[in-house]
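Here is a short briefing on a structure, written for reading beside the sequence and the coordinates. Please take a look at both before going on.

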Amino acid sequence: MEGFVALYIFMLAAFTGYEVISKVPVILHTPLMSGSNFVHGIVLVGAMVALGHADTTTEMVIGFFAVLLAAGNAVGGYVVTERMLEMFKSSKGDKS
Amino acid sequence: MSWFIQAAYFTAAVLFIFGLKQMSSPVTARRGIIWAGAGMVLATLVTFVHPQVHANYLLMILAIGIGGGLAWWSGKRVAMTDMPQMIALYNGMGGGAAAAIAAVELVKGEEMEFVVLALAVLGALIGTVAFSGSAIAFGKLQGLIRKAFRYSGQQKVNLVLFSVTVLLGLIMVISGQANPVILTIFFILALVIGVLMTLPIGGADMPVVISLYNALTGLAVGFEGFVLQNPAMMIAGIVVGSAGTLLTQLMAKAMNRPISNVLFSNFGESGGEGQGEVQGALKPIEASDAGVMMAFADKVIIVPGYGMAVAQAQHKIWELTQLLQDRGVTVKFAIHPVAGRMPGHMNVLLAEAGVPYDIIYDLDEINSEFPTADVALVIGANDVVNPDARNNPDSPIYGMPILNVDQAKNVIVIKRGKGAGFSGIENPLFYADNTRMLYGDGQEMASALISAIKEL
């Protein structure tokens, strides 16, 4: 990838993250932190690639732990975020 | 890379941003995490046919099964009060994964461009620090590590360690290859830095630190995404990196503690002096009288603190609220940003008990309403309602935004005993003329209030 294209992606992503969070009410800070914790669980994809082209035993062992940890991040992040958000309901009775 | 893998990664990135956006409103939040989850499943599935993936499928599925299974099991079981440390744990795993990816790529020793190598090493450093730091944060909040670990010259030691680690990283980047010995020392030092940085930080500051490590893991993931030429990781990682940084700042601001203070100074070292004598006396009240006071009020504001969650009183409080609402009393909940273990944690705990989010208000929304409230019921909160933060420049918490409970017509404080709270700071609110103290366990006192009102 062209270095500058990567720089553009980084810059735009940084602004996006800032904008998305800046209008969040305090009541959602904890679930949102948990939600963003889940989103960087995408590291699982990279861990799978790392393990998928590992050749030596050392690489395979490290790659195995990469996938193991990343899967923990993604699955755990999802489960706790979903559990927290599930409980938010309005007094007007819509339990969507 | 075939077009459909690229398209799947692109879709996943869009779903993540869209999901996070939806998570920023309580009405759509639930949908948000489901969208983001769908993106994750999609991205994971197509990676099995990624052109660079050509071996170790069995190991991969085994690792996903073990890691995912354990996380699923623990995530489903954890109590809502323990949520902050679980977030720390899962976050640390993500940081460790990013560092391990860097390790695989560096051990491979293939020719890398200067920038790629530099970001791989930087991501490895950040990811490893987030990994060991989060593990310590988990241990502290879980109560596994009780003592704050401090010694003189600690910061100098950390600085030296950090400089050596950066130097080792530079050697690898400039020489264009990762010497196995240097690489091993580099990772060990990074682990030690994460541990030493986190050990001296007190439990009250831990949420800010967890949020910081969350942002750092995001950065590490983004950098390793660049190394692997994976745009989905780059976008998701950097979005979390910047969102997490902002969230960290918001939390630090809510606690009136600059981030540099959290990281480099120790809470509770200053203060203690200049508090002066508190005027007045503590005036106790019986639960039955307090119940009558609330039942015949027009407006009651309930101010819960972490003590309420510890006493598991939130369900009783909600029962009390419904009882008062049936009598035509307007009941509102006032939440200080740091009422729980982290901003928003108290909202989660109240939501668990069934309290609807639209009668819960935050500091800015409710503070002007205290003068019109007949009763303010404070349960398990102390520093966040201390008027010294507003009035007494000598107080260690001076300047922290507080809930102006003292302006209510009557204040009832449910408290275990007469001692000063968590921070050891005297609270003049308890001695004020309009304050009555209801001594006892939060849950028992809430039950006593309920039966007092039922008897009317």
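This is a predicted model: local features need pLDDT of at least 70, side-chain atom pairs count only at pLDDT 80 or more; totals for chains, interfaces and linings use all residues.

Chain A has 4 helices and 0 strands. Its radius of gyration is 18 Å, well over the 12 Å from the globule rule for 96 residues, so chain A is more spread out than a compact globule. Over all chains, the salt bridges number 10.

**Build of chain A**
- Along the sequence, the pattern reads α-α-α-α.
- The C-alpha trace of chain A spans about 60 × 35 × 20 Å along its principal axes.
- Of the 96 residues in chain A, 62% are buried.
- Take the contacts in chain A between residues at least 6 apart in sequence: 62% of them join residues at least 24 apart.
- Chain A exposes about 3500 Å², and carbon and sulfur atoms supply 67% of that area.

**Nonpolar surface patch**
- Phe4(A), Leu7(A), Tyr8(A), Met11(A), Leu12(A) and Phe15(A) make up a nonpolar patch on the surface.
- Together they have about 690 Å² of accessible area.
- Phe15(A) sits in helix 1 (residues 3-22) of chain A.
- Phe15(A) counts as exposed because its relative accessibility is 54%, over the 50% cut-off.

**Salt bridges between chains A and B**
- Lys108(B) pairs with Glu59(A) in a salt bridge, with the closest N and O atoms 3.2 Å apart.
- This pair crosses between chains, from helix 4 (residues 83-108) of chain B to helix 4 (residues 57-86) of chain A.
- Lys108(B) is buried at 15% relative accessible area, and Glu59(A) is buried at 5%.
- Arg30(B) forms a salt bridge with Glu82(A), with the closest N and O atoms 2.7 Å apart.
- Arg30(B) lies in helix 2 (residues 29-47) of chain B and Glu82(A) in helix 4 of chain A, so this pair also joins two chains.
- Arg30(B) is partly exposed at 28%, whereas Glu82(A) is buried at 12%.

- Arg390(B) and Asp406(B) meet in a salt bridge at 2.7 Å, N to O.
- The two are 16 residues apart, with Arg390(B) in helix 16 (residues 388-391) and Asp406(B) in the loop between helix 16 and strand 5 (410-415).
- Arg390(B) is partly exposed, at 32% relative accessible area.
- Elsewhere, salt bridges with shared partners join Asp55(A), Glu59(A) and Lys108(B) into one network.

**Asn367(B)**
- Asn367(B) lies in the loop between helix 15 (363-366) and strand 4 (375-379) of chain B.
- Asn367(B) is buried, with a relative accessible area of 15%.
- A polar atom of its side chain lies 3.0 Å from the backbone oxygen of Ile402(B).
- Beyond four places in sequence, Asn367(B) touches Ile402(B), Leu403(B), Asn404(B) and Gln407(B).

Conventions
Residues are numbered from 1 along each chain as its sequence is written. Chains are lettered from A and ligands numbered from 1 in the order in which they are written. Side-chain values use heavy atoms; hydrogens and water are left out. Buried means under 20% relative accessible area, exposed over 50%, partly exposed in between (1.4 Å probe, protein chains only). A polar contact is a pair of N or O atoms within 3.5 Å; within protein, one must be able to donate a hydrogen and the other to accept it, and residues adjacent in sequence count only if both atoms are side-chain atoms. Contact means heavy atoms within 4.5 Å. Patches are made of residues with over 30% relative accessible area and no salt bridge: like charges are joined within 9 Å, nonpolar side chains (Val, Leu, Ile, Met, Phe, Trp, Tyr) within 5 Å. Accessible areas come from the Shrake-Rupley method with a 1.4 Å probe; for residues, only the protein chains shown count as cover. A salt bridge is a side-chain nitrogen of Lys or Arg within 4 Å of a carboxyl oxygen of Asp or Glu. The radius of gyration is taken over C-alpha atoms; the globule rule is 2.2 Å times the number of residues to the power 0.38.
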